[in-house]
Amino acid sequence: MIDFCVLGSGIAGSTIANLLSKKYTVEIFDKARGPGGRSSNRRYKKNLSFDHGVQYISPKDKLFKKFVLNLKKKNVLKIWGGNHIDLNLKSGNSSKYIGKKGNNDIAKFLIKNIKKNFNSPITKINFTNNYWEITSNDKIYHFGNLIITCPYPQLIAISKNYLNNIIKKLKIKMSPNITTMIVFKKNYNIPISSIKFQSNIIAWAANENSKERFKSKESLWTIQTNEKFSKKYINSLKKNKKKISNIIINEFLKLTSFNKKDIIFYNSHGWKYSYNLSGSPIKSYWNKKFKMGICADWFIGSKVESSWLSANDLLKKIK
Ligand SMILES: Cc1cc2nc3c(=O)[nH]c(=O)nc-3n(C[C@H](O)[C@H](O)[C@H](O)COP(=O)(O)OP(=O)(O)OC[C@H]3O[C@@H](n4cnc5c(N)ncnc54)[C@H](O)[C@@H]3O)c2cc1C
């Protein structure tokens with residue numbers, strides 16, 4: 001029997017899977033098509049893609065910084081240079097690290113040697129005879145231990161029978177985000193890498209061409225809406241994608257000098273559980289009786305760094 005099942009291949013899942021794999025056998029299940037979770041990369045065509053989740057990493061914690069610098073040395077991460085403009089006049093000047101090919105590069109790197117199943121949602125978990133029965137795609141798998149790394153509302157849905165009051169009482173609320181990806185047929189060669197806007201709709205836009213991962217005649221922009229707009233439209237996005245995407249695109253065109261006629265592709269993605277700003281009194285959770293662990297960003301904050309720290313904290317508890 002494999003020692004650990006890890007639910008999720010986002011930063012928390014890939015980090016804990018990588019750490020555990022140094023001593024134990026590990027297998028990952030993710031409902032998504034590929035690794036990364038919210039640190040994902042959406043391919044448009046050939047090597048052209050959008051980071052439609054995590055934008056960049058600016059490490060603060062000393063150990064996480066060391067991890068990031070090590071990944072830079074290994075050519076997994078690089079610095080996103082150029083002009084990052086903040087129209088709210090708040091921006092710091094800390095270094096912005098991004099994946100060499102896409103922002104799912106960290107997860108890919110961490111789990112490259114680990115057994116993983118994509119398009120594999122875990123739909124049922126059952127602890128019996130001192131091991132875990134895991135159901136995915138109508139098949140049952142057995143594992144010694146289980147680690148869950150998904151957003152808090154999804155955690156409650158799948159595992160509430162195995163959670164104690166410490167976790168249940170946290171009642172973490174997670175804010176949504178709507179991200180729109182646009183391709184213009186021209187490369188405007190704009191010397192701007194990202195813009196934080198003052199707008200009732202858009203919070204931020206990233207110039208994908210400025211990440212120097214590809215050379216193209218087209219320009220790719222990723223736009224993130226602000227919290228108020230995202231909350232208002234997240235539940236109707238699937239049904240009214242065209243209408244909501246157009247509201248976002250029209251606002252972007254108003255804030256910039258781009259031409260609607262040049263748009264050759266767009267798509268919007270809704271992140272129902274994007275980030276939690278409050279954090280919690282604990283950094284991770286390990287239940288010895290059920291041999292079940294939980295690590296994720298929402299224990300600590302709302303960043304890649306929070307997920308990484310939570311996974312490292314969980315490893316100490318398991319040990
Ligand atoms: C739009 C957006 C922009 C962001 N920008 C930044 C940024 O610039 N910098 C930064 O540091 N952070 C940013 N964040 C936050 C960052 O993405 C998260 O903090 C971090 O990626 C969370 O990682 P995680 O592993 O904890 O969770 P997730 O990435 O959510 O991983 C959970 C995984 O579990 C899987 N899963 C869920 N349920 C199941 C199930 N039942 N069975 C199998 N698999 C399941 C999911 O598919 C997912 O892959 C952003 C987030 C969003 C949404």
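Guide: Gladly. Let's begin with a definition: helices and strands here are DSSP runs, at least four residues of H or I for a helix and at least two of E for a strand, numbered from the N terminus. On that basis, Asn75 has its place in the loop between helix 2 (62-73) and strand 5 (77-79). Please keep in mind that this is a predicted model.

Visitor: What makes Asn137 exposed?

Guide: The cut-off for exposed is 12 or fewer, and Asn137 has 12 other C-beta atoms within 10 Å, so Asn137 is exposed. Asn137 lies in the loop between strand 10 (131-136) and strand 11 (139-148). Asn137 also has a positive phi, near 45°.

Visitor: And why is Asn93 called exposed?

Guide: Asn93 has 7 other C-beta atoms within 10 Å, so Asn93 is exposed. You will find Asn93 in the loop between strand 6 and strand 7 (97-99). Asn93 and Ser58 are 35 residues apart in sequence, and their C-alpha atoms are 9.7 Å apart in space.

Visitor: Why is Asp313 called partly exposed?

Guide: Buried needs 20 or more and exposed 12 or fewer, with partly exposed in between. Asp313 has 18 other C-beta atoms within 10 Å, so Asp313 is partly exposed. Asp313 sits in helix 8 (residues 304-318). Leaving aside neighbours within four places in sequence, Asp313 is in contact with Lys283 and Ser284. From Asp313 to Leu163 there are 150 residues in sequence and 18 Å in space, C-alpha to C-alpha.

Visitor: How do you know that the chain is as compact as a globular protein of that length?

Guide: First, the inventory: the chain has eight helices and 18 strands. The radius of gyration is 20 Å, close to the 20 Å that the globule rule gives for 319 residues, so the chain is as compact as a globular protein of that length. Along the principal axes, the C-alpha atoms fill a box of roughly 65 × 45 × 35 Å. Buried residues make up 43% of the 319 residues. Of the contacts with a separation of 6 or more, 67% are between residues 24 or more positions apart.

Visitor: Which domains is the chain divided into?

Guide: Domain 1 takes in 2-52 + 102-171 + 278-318, and domain 2 takes in 175-275. Their C-alpha centres lie 29 Å apart. Twelve residues from domain 1 and 14 residues from domain 2 make the contact. On the side of domain 1, strand 3 (42-45), strand 4 (48-50) and helix 4 (152-159) each give two or more residues.

Visitor: How do you know that strand 3 and strand 4 pair?

Guide: Pairing needs at least two bridges. Three bridges join strand 3 to strand 4, which run antiparallel, so by that cut-off they pair. Arg43 stands opposite Ser49 in strand 4. The two strands form a hairpin with two residues between them, and Lys46 in the turn has a positive phi of about 40°.

Visitor: What makes strand 6 and strand 16 the edges of a sheet?

Guide: Six strands form an open sheet in the order 6-13-14-15-12-16, with mixed pairing. Strand 6 (84-86) and strand 16 (263-275) each have a single partner strand, so one side of each is left without a neighbour in the sheet. From one strand to the next, the twist averages 15°. Inside the sheet, five bridges join strand 14 (residues 202-207) to strand 15 (residues 219-225), an antiparallel pair. Trp204 stands opposite Gln224 in strand 15. Helix 7 (residues 241-255) packs on the sheet and touches strand 12 (175-184), strand 14, strand 15 and strand 16. The direction of helix 7 makes about 105° with that of strand 16.

Visitor: Which residues have the most contacts inside the largest nonpolar core?

Guide: They are Cys5, Val6, Ile16 and Cys295, in a core of 56 residues. Among the residues that Cys5 touches are Phe29, Trp132 and Leu146. A second, separate core of 22 residues includes Phe50, Val183, Phe184 and Tyr233.

Notes:
Residues are numbered from 1 along each chain as its sequence is written. This is a predicted model: local features need pLDDT of at least 70, side-chain atom pairs count only at pLDDT 80 or more; totals for chains, interfaces and linings use all residues. Axes are lines fitted to C-alpha atoms, for helices over the stretch in contact, and angles run from 0 to 180 degrees between N-to-C directions. Two residues are in contact if their C-beta atoms, placed from the backbone, lie within 7 Å. A nonpolar core is a set of buried Ala, Val, Leu, Ile, Met, Phe, Trp, Tyr and Cys residues joined through C-beta atoms within 7 Å. The radius of gyration is taken over C-alpha atoms; the globule rule is 2.2 Å times the number of residues to the power 0.38. Domain bounds come from an automatic or database domain assignment.
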